[in-house]
Each structure stands twice: as C-alpha cells, then as structure tokens.
Amino acid sequence: MRTHLRRTAGILLSVVVLLPAAACAAERADIVPADAAPRGTASPFRAPPSAITKAPPRPATYVFPVDGAAGYARDDHHDYPAADIMAPCGRTVRAVTDGVVLEVNRVDRFNPKRDRGADRGGLSVSILGQDGVRYYGAHFSSIVGSLGPGDIVRAGAVLGKVGRTGRAGACHLHLGLSPVCAGKGDWWVRRGVIWPSRYLDAWRKGEARSPATEAEKWRKSHGCPAKAPKGA
C-alpha cells in the first residue's frame, strides 16, 4: 500500500512539474528565434524589407490582437491615427499576422514630468508583417520572456499581456499601423499613421484584410520623416 502511494505521488509530482513546461512550449510554438530563422530573415536590418516580406511561405492571415471582449473607437484617437483597444489588464495579446519582430521594449521609462514621445508606449512590441506593414502594440503589462528582434512570429502567436505602462490612463492595447520606414527608433511613425478600425472590424470577423495598400499610399505621400513633428 505504501509503495503504491509513493508511486502515485511520484506520478502526480511529475505531472505538476511538466505542466508549466508544456504551457511554455505551447506559448512559443508560433515563434521562431532569430538564430533559428532561415538565412535572410533573421535580422530585418541586414536584409531589405522585400526579402523579409517574401520569406513566410503561407498566404497572409490576420488575427484580432486581443483575446476576449474588447472595444475600440472608430477613427478617434487624440492627435494621430491609431486605435486604443480597451480590455482588462492581463488579457492575452497576439500577433496580428506573420512577420519578423523589429523592436521589443521591456522597460517602462515613462516619466510624466518629461513626457518623452519615445517613452509613452511603455512596454511595447513592433513587428514587420509579411505584407510590409509595421504593427506596433504598446502599454503591455508583460511580454513573452524570450521574444526579441529578428524572431519570426506567426499570426496568433502570444506576444504578452494587456497593461497600462507608459502614458496610459487605463488598461488597453495601443495599436499603431505604419510603413516600416526606419524599422526602429522612429517612434513618431511607428506609433501609427493610418486608422486601424476598419481592419480591426475585418479581423474580428475572420477576414484577411491587409492595411498594406493604405500604408504604402501614406508612405508615397509623406515619405518617411526623419524627425518627430513639432509638438509630438
């Protein structure tokens, strides 16, 4: 009897120990680390954007970026085009489409006394989608542990959790859509230049609607500004 109980306890302990590892493996299933990515896609700053957008082998698919019930305004965002997707802190955030990670910021440096534009997003992730559009998510409460620049992600890959870091008055995911332009550091473009609501509507319905045409139209009209506009 004692031997049987010891064996049962051992099995249960093994299950408890393995469950977190299994969950972690599932979370990473749709992310390919940069050092394991195919040549030419590992670093978006060592290959032209055209090489990156041609790399993923499957047709473009799109996923609504926040799990569960979430609300957002239609074409209404303080001083530039973007969407604030309102959802409880801790809700899962996912990659909208297949792509390559451009930037990951894990440190909330925002100071309201300085109000630096570069810091307003708090914890954030930007991804160059296979459609050539840059997808920027901000105000995360946490980001998947080993996610980093150069990683290849699939549509629906878990990126982190909704939060209120940076200049956020409530729990939400800030979503900005833009052409890739500089790829990193150009927060005044990265934060968003076209309205996301019509695409969010489509993704919520399971439709594969890409912002690529509108993002490219904006780039042809505005170029890629090298400096932040006054007052930004």
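Modeller: A disulfide here is a pair of cysteine sulfur atoms within 2.5 Å. Please keep in mind that this is a predicted model, where local features need pLDDT of at least 70 and side-chain atom pairs count only at pLDDT 80 or more, while totals for chains, interfaces and linings use all residues. Residues are numbered from 1 along each chain as its sequence is written, and side-chain values use heavy atoms, leaving out hydrogens and water.

The structure holds two disulfides, and with bonded cysteines counted along the chain, their pattern is 1-2, 3-4. Helices (H or I, at least four residues) and strands (E, at least two) are DSSP runs, numbered from the N terminus.

Let's start with Cys-89 and Cys-171, whose sulfurs lie 1.9 Å apart. Their link is left-handed, with -95° about the S-S bond. This pair links distant parts of the chain, 82 residues apart: Cys-89 is in the loop between strand 2 and strand 3 (92–94), and Cys-171 in the loop between strand 9 and strand 10. Buried means under 20% relative accessible area, exposed over 50%, and partly exposed in between (1.4 Å probe, protein chains only). Cys-89, at 37%, is partly exposed, and so is Cys-171, at 22%.

The other disulfide joins Cys-181 to Cys-224, with 2.1 Å between the sulfur atoms. This link is also left-handed, with -75° about the S-S bond. It too connects distant parts of the chain, 43 residues apart, with Cys-181 in the loop between strand 10 and helix 3 and Cys-224 in the segment after helix 5. Both are partly exposed: Cys-181 has 21% relative accessibility, and Cys-224 has 38%.

Now for the sheet. Strands count as paired if DSSP finds at least two bridges between them. Seven strands form an open sheet in the order 1-8-4-5-6-10-2, with antiparallel pairing. Strand 1 (31–32) and strand 2 are at the edges with a single partner strand each, so one side of each has no neighbour in the sheet. Helix 4 packs on the sheet, touching strand 2, strand 6 and strand 10, and its direction makes about 110° with that of strand 10. Helix 5 lies across strand 6 and strand 10, at about 60° to strand 10. Contact means heavy atoms within 4.5 Å; axes are lines fitted to C-alpha atoms, for helices over the stretch in contact, with angles from 0 to 180 degrees between N-to-C directions.
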